[in-house]
Amino acid sequence: MQDRFEKRYRDNCVIYILIYAFIGMMTGLIFDALITFLMTVSPDTAKSMASYMGIATFAASSIAILAPKAGYKRIIIFAAIVTSASLAAISYVQQWLISACLFLLMTGITLFDVILSPYIATYTAAASRTSFLTKASCASVLGTIIGTFAGGPMIVLLFSKKLNIPYNAAKILTQDISSFSFGYYSGYIDAHRIVMMVFAAASILILIPAFSIRESVGDHASHAKEKQSSGLPELLNKYVVLFLIYTILSRFAASLIAPYVSVYLTKIGINRAAVSMLATLQYLSALVFMASSGKLVKKIGQIYAIAALCLASVPFMLILANGHRFGSQVELIVGTALFFRAGLANAAVPVTNSLTMELVPKKSWALYASLVFMMQSTAQIFAGLFTKLYLFNNTSGYADAYYYAAILYITAHGMLLAAFSKRYNCSERAECNQKHISSTTGQ
């Protein structure tokens, strides 16, 4: 009986890791092909991408709160359908409907992120939680690499076919989209639409593993004593509140740059195919660095690991802010900076996700994960407004975003070190669990 119990838990985790890889592929498309499509057909929508992400995150977080009652399986199936349908629709709807489709698409995608930590925590022992979260994050990044790598070259290839010109000639043309004639413009847009339809069809495949998830009524319940309370007291201690402040600062910083990397690279004169290649390399670096983050946690502890990784990415942000200065070496220098910035910052993600679940007991996992993402959505909304109304109203706005992000990273992780090191800088899960038990029983 125990073996069957453990096998179901393990199988559910493996299924989600597979699904999360598909979601990573969709994320790669969104931050590469979709953002350049929107910059062409609906620039205002593209410039407000962070705000759309924020509003969608808030919506997804509100839905995820229902997980203990509705079950993760139903939410996953719902999210898969919404993601596929909205991506297909965004390619062909009238411009005034693009915003609604983008909101639905981001809601579907973000739902998988919101439920990641509580889902994995539900089906793993504390000792293996960070390991499974790391595997899920690596699978997502691998999917993102595929989505990003495939998107750009596919667009250029289809564009060349539309114009009946060689691939290399089409690649050169995409260096300056503003000079396109109507015929070139139409072919470029059509190439994007075909790619998005292909990805929409692929995303519906998520339903196959989703229907294989085996849930039980007791999966989301905790001990009998914990059922008697609402879970709210656990969300009122200083560590929970400080972590929310930390996550707001971090997400605001990331939202200033993450949605616009492809746009920024295009602005500094890098051709469309090379943009996808460089974006792919940054995701590859995230995969490489994530795979080794567990070893760093064992050596210096989880809080020090999170701070060290993220703060080490700051110098590379400053290099990226000056990308326009590197002339003929721009692809090499900017590509290298992207590689290390993305790798170092993203390596901290699974460790941070595991820490989130240690701050509250099991009965509050879904609620707190949703609350964290709601705070992040608020940060994203304001980041989108900041970029649209201020940053992008001047020629150096895309570059300045990296300066602001660097300052916020230093502030957020300085606070994390000061507030969390003493209690939560654990190198082993058992040590963290003992500290967590002591803190929660004393409330």
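## Worked exercises on helices, rings and loops

At 40% relative accessibility, Gln-329 counts as partly exposed. That residue opens our set of exercises on this predicted model.

**Exercise 1. Where does Gln-329 lie, and how many Å separate Gln-329 from Ile-319, C-alpha to C-alpha?**

Solution. 
- Step 1: find the segment. Gln-329 sits in the loop between H16 and H17.
- Step 2: check the class. Buried would need under 20% relative accessible area and exposed over 50%, so the 40% of Gln-329 makes this residue partly exposed.
- Step 3: take the distance. From Gln-329 to Ile-319 there are 10 residues in sequence and 13 Å in space, C-alpha to C-alpha.

**Exercise 2. Describe how the helices H16 and H17 cross, and which residues make the contact.**

Solution. 
- Step 1: start with the axes. Helix H16 spans residues 314–321 and helix H17 residues 330–347; their axes come within 8 Å and cross at roughly 150 degrees.
- Step 2: The crossing of H16 and H17 is left-handed.
- Step 3: list the partners. H16 contributes Phe-316, Met-317, Ile-319 and Leu-320, while H17 contributes Ile-333, Val-334, Ala-337, Leu-338, Phe-340, Arg-341 and Leu-344.
- Step 4: sort them by class. The contact of H16 with H17 has 10 nonpolar residues, no polar ones and 1 charged.

**Exercise 3. Which residues of H16 are buried, and within what arc do they fall?**

Solution. 
- Step 1: pick out the buried residues of H16, which are Val-314, Met-317, Leu-320 and Ala-321.
- Step 2: look down the axis of H16. These buried residues fall within an arc of 110 degrees, so they line one face of the helix.

**Exercise 4. Classify the aromatic pairs Phe-159 with Tyr-184 and Tyr-264 with Tyr-402.**

Solution. 
- Step 1: recall what to look up. A pair of aromatic rings is described by the distance of the centres and the angle of the planes. The structure holds 20 aromatic pairs.
- Step 2: Phe-159 and Tyr-184 have ring centres 6.4 Å apart and planes at 90 degrees, an edge-to-face pair. Phe-159 belongs to helix H7 (residues 126–163) and Tyr-184 to helix H9 (residues 182–203), 25 residues apart, and the pair links these distant parts of the chain.
- Step 3: compare the accessibilities. Phe-159 is buried at 0% relative accessible area, whereas Tyr-184 is partly exposed at 32%.
- Step 4: Tyr-264 and Tyr-402 form a tilted pair, 5.5 Å centre to centre with 50 degrees between the planes. Tyr-264 lies in helix H13 (residues 261–267) and Tyr-402 in helix H20 (residues 397–424), so their pair ties together parts that are 138 residues apart in sequence.
- Step 5: finish with burial. Tyr-264 is buried at 4%, and Tyr-402 is buried at 3%.

**Exercise 5. Which residues do ring pairs link into a cluster?**

Solution. Ring pairs join Tyr-9, Tyr-16, Tyr-20, Tyr-72, Tyr-119 and Tyr-123 into a cluster.

Terms used
Residues numbered from 1 in each chain as written. Predicted model: local features only at pLDDT ≥ 70, side-chain atom pairs only at ≥ 80, totals over all residues. Heavy atoms only, no water. Axes fitted to C-alpha atoms, helices over the stretch in contact; angles between N-to-C directions. Helix = DSSP H or I, 4+ residues; strand = E, 2+ residues; numbered from the N terminus. Left-handed = near helix turned anticlockwise from the far one by under 90°. Contact = heavy atoms within 4.5 Å. Nonpolar A, V, L, I, M, F, W, Y, C, P; charged D, E, K, R; others polar. Buried < 20%, exposed > 50% of the residue type's maximum accessible area, 1.4 Å probe, protein only. Arc of directions from axis to C-beta. Phe/Tyr/Trp six-rings, centres within 6.5 Å; stacked < 30°, edge-to-face > 60°.
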